[in-house]
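Please have the viewer open as you read.

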Amino acid sequence: MLEINGQTIAFFVFSVFILGGALGVVTSHNLIHSALYLILSLFGVAGFFVLLSAPFLAAVQVLVYIGAIAILIIFSVMLTRSMTALRQVRNQQWWLALPVVVLLFALLAVGVILPVWGAEGLIGSEPVSDIVATTADLGVALVDGNQYVLPFEVASVLLTAAMIGAIVVARDDE
Amino acid sequence: METQCIDIVNTLAACLVAGGADPNLANFLSILMGVVLVATLPLVTVILLIWVERKVAARIQDRIGPNRVGPYGLLQPVADALKMLTKEDITPAGADRFIYNLAPIIAFAMIILMWAVIPFSPVHVGADLSIGILYFIALGSIGTVKVMVGGWSSNNKYALLGAFRTIALLLSYEVPLILALLVPVLMTGTMSLQDITFAQGGMWFIVTAPLAALIFLIANQAETGRAPFDLIEAESELIAGYNIEYSGFKFGMFMAGEFLHVFTVAVLFSVLFLGGWWGPGVEQAPALGFIYLGAKTALVYLALLWVRNTLPRFRVDQVMALNWKVMVPGAIAVLLAQALALRVIDALGLTPVRGGFVESLPQTVILLGVNLVLVFLFLNQVRRQGRRQRAADLAVVGETRPVVSVPAGD
């Protein structure tokens with residue numbers, strides 16, 4: 001059954017971070033607080049990556065999601081001071097969001113949890129895959145012709161285009 | 001356990017086991033001691049750093065500096081800390097209390113956490129993460145959170161303005177910083193700080209990648225908010241920036257965090273470009289690494305103080321122009337040139353395998369040459385731009401006839 005050791009405790013702590021943070025994001029009346037809860041939640045995800053022996057992804061999670069995306073969100077919230085004391089917790093579209101969320105959860109449960117947990121109970125303690133990938137493997141996979149070089153290049157082109165677009169938009173009309 | 005007990009400093013756990021202790025307990029004790037040491041060292045250092053900072057600044061400005069409390073004023077930081085503790089702890093009206101108190105903690109914790117991955121000697125390293133450099137960058141990016149949160153929660157428009165400015169500065173200079181950090185990664189094929197240090201056994205990276213080292217240093221001077229990039233403080237314009245409302249010990253934590261950040265950057269620079277703990281006899285007595293790393297760090301730290309105290313502050317638009325028009329393209333050019341040169345060296349079969357000094361000489365010469373060519377191209381570009389600017393200025397002078405006449409030519 002469940003073995004209580006450091007990893008299990010860390011798993012539960014990070015789970016509390018993620019779920020509690022997520023709950024805080026949607027229930028908080030202050031958008032800045034929401035953004036900070038979001039950081040907590042994302043930090044918990046980074047902790048999960050560490051537990052899964054994927055330190056590279058953990059660092060990237062912190063760098064991209066906390067260092068860039070969360071900062072961007074806080075930045076935009078800070079510029080809208082009136083958004084900090086909201087009376088209304090739900091917006092007008094809650095009836096639309098509800099079925100979407102339920103559907104998404106059902107999809108995840110069927111697609112991710114069921115194959116692991118299975119109809120015939122928990123599938124042992126064996127890992128789903130025995131490939132241990134290092135950061136170097138990830139780097140090679142991104143430029144290997146047989147693996148992910150096409151998505152990698154497409155993403156690069158997309159980002160370059162977005163950057164050029166930003167520069168063009170920000171330029172003065174000379 | 002494969003490590004043998006040689007002496008108590010380098011192989012504590014193995015020695016405890018040899019002395020009859022339980023292996024698990026011995027391991028735990030050795031790790032616990034490491035954690036306590038790594039967490040305490042920066043805290044103790046920062047007290048001294050404040051004295052060093054004030055003394056060096058005073059000498060550069062032809063003053064004496066603190067000299068009343070204790071011998072050479074050495075106890076001045078203690079007096080300062082006591083003063084700070086006794087100040088009233090103010091929380092401004094309308095401040096977001098929880099976040100307001102959280103910001104200084106984030107500020108200080110983020111710096112302390114950086115020390116976890118620093119290799120002090122061949123065997124002493126807190127955690128030899130395979131992603132050491134990325135870990136450092138990730139923690140640096142959390143630094144923006146502290147500024148944002150501290151500036152916003154103070155409920156003060158100067159603090160908010162200061163925070164905006166600081167964030168713009170921090171985010172912009174992160175780009176050349178990361179690009180410069182990629183060069184040592186490129187040369188070693190690893191992001192572990194310990195492996196990068198081992199790779200510098202033949203030649204320090206400041207010789208083989210001097211431009212990357214320079215960009216790293218400049219970008220970090222901006223990241224730490226020191227002059228000439230001290231827009232974060234800018235007393236004359238913003239009063240004190242994002243931490244204006246903080247008083248007492250909370251302000252002390254911001255200040256200590258800043259001092260420690262500069263020192264941490266000096267340590268990292270030593271590890272990445274000055275060979276870290278490498279020095280004569282370090283392979284026989286690993287504990288010597290502490291001394292070598294400390295000496296190199298002290299030199300870099302003094303250089304940073306020197307820069308801080310001699311250069312005037314940039315204007316905010318100049319800071320941005322320097323970053324986006326010089327540092328970022330420069331860093332990309334350095335990265336590409338270095339990558340290309342390494343590829344050529346590899347094709348010629350000149351890559352050092354064992355990492356000796358003589359063996360790495362050909363590679364060093366080629367890389368140094370590439371860097372010098374880049375410097376030449378850069379200076380040439382600056383010269384041409386200066387000439388064009390002068391010509392444009394002279395044309396304007398010719399039209400408007402100002403009171404002060406400008407001599408033709410230069």
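What pLDDT does chain A average, and what share of the residues score at least 70?

1. Confidence. Chain A averages a pLDDT of 81, and 81% of the residues score at least 70; pLDDT is the predictor's confidence in each residue, from 0 to 100. This is a predicted model, in which local features need pLDDT of at least 70 and side-chain atom pairs count only at pLDDT 80 or more, while totals for chains, interfaces and linings use all residues. Residues are numbered from 1 along each chain as its sequence is written, and chains are lettered from A and ligands numbered from 1 in the order in which they are written. For chain B the mean pLDDT is 83, with 90% of its residues at 70 or more. The complex gets an ipTM of 0.76 and a pTM of 0.84 from the predictor.

2. In chain A, helix 5 (residues 135-143) has the lowest confidence, a mean of 81, and helix 6 (residues 149-170) the highest, at 91. In chain B, the lowest mean is 62, in helix 10 (residues 235-238), and the highest is 90, in helix 9. Helices (H or I, at least four residues) and strands (E, at least two) are DSSP runs, numbered from the N terminus.

3. Layout of chain A. There are six helices and zero strands in chain A. Buried residues make up 18% of its 174 residues; a residue is buried if 20 or more other C-beta atoms lie within 10 Å of its own, exposed if 12 or fewer, and partly exposed in between, with C-beta atoms placed from the backbone. Chain A is divided into domain 1 (1-86) and domain 2 (133-174), with bounds from an automatic or database domain assignment. The centres of these two domains, taken over C-alpha atoms, are separated by 26 Å.

4. Helix 2 of chain A. This helix (residues 31-51) has 21 residues and reaches 30 Å from its first C-alpha to its last, close to the 30 Å expected at 1.5 Å a residue. The expected span is 1.5 Å times one less than the number of residues in the helix. A:Ser53 follows helix 2 of chain A and has a positive phi, near 55°.

5. The interface. The contact takes 15 residues from chain A and 16 residues from chain B; two residues are in contact if their C-beta atoms, placed from the backbone, lie within 7 Å. On the side of chain B that touches chain A, helix 5 (residues 132-153) of chain B gives the most, with ten residues. That side divides into 13 nonpolar, three polar and no charged residues. Here Ala, Val, Leu, Ile, Met, Phe, Trp, Tyr, Cys and Pro count as nonpolar, Asp, Glu, Lys and Arg as charged, and the others, Gly among them, as polar.

6. Helix 9 of chain B. Twelve of the 14 residues in this helix are buried, among them B:Ile215 and B:Phe216. At 1.5 Å a residue, helix 9 (residues 210-223) of chain B should span 20 Å, and its end C-alpha atoms are 20 Å apart, which agrees. Just after this helix, B:Gly225 takes a positive phi of about 75°.

7. The core. B:Ala180, B:Ile215, B:Phe216 and B:Phe269 touch the most other members of the largest nonpolar core, which has 118 residues. Helix 11 (residues 248-273) of chain B gives the most to this core, with 15 residues. A nonpolar core is a set of buried Ala, Val, Leu, Ile, Met, Phe, Trp, Tyr and Cys residues joined through C-beta atoms within 7 Å. Not counting residues up to four places away in sequence, B:Ile215 touches residues including B:Pro176, B:Ala180 and B:Met327.

8. B:Thr197. This residue lies in helix 7 (residues 193-199) of chain B. B:Thr197 is buried because 27 other C-beta atoms lie within 10 Å. Leaving out residues up to four places away in sequence, B:Thr197 touches B:Pro119, B:Val271, B:Gly275, B:Gly276, B:Trp277 and B:Trp278.

9. Two backbone angles to look at. B:Asp62 is found in the loop between helix 2 and helix 3 (76-86) of chain B, and its phi is positive, near 60°. B:Asp62 is exposed, with 6 other C-beta atoms within 10 Å. B:Tyr72 has its place in the loop between helix 2 and helix 3 of chain B, with a positive phi near 55°. With 13 C-beta neighbours inside 10 Å, B:Tyr72 counts as partly exposed.
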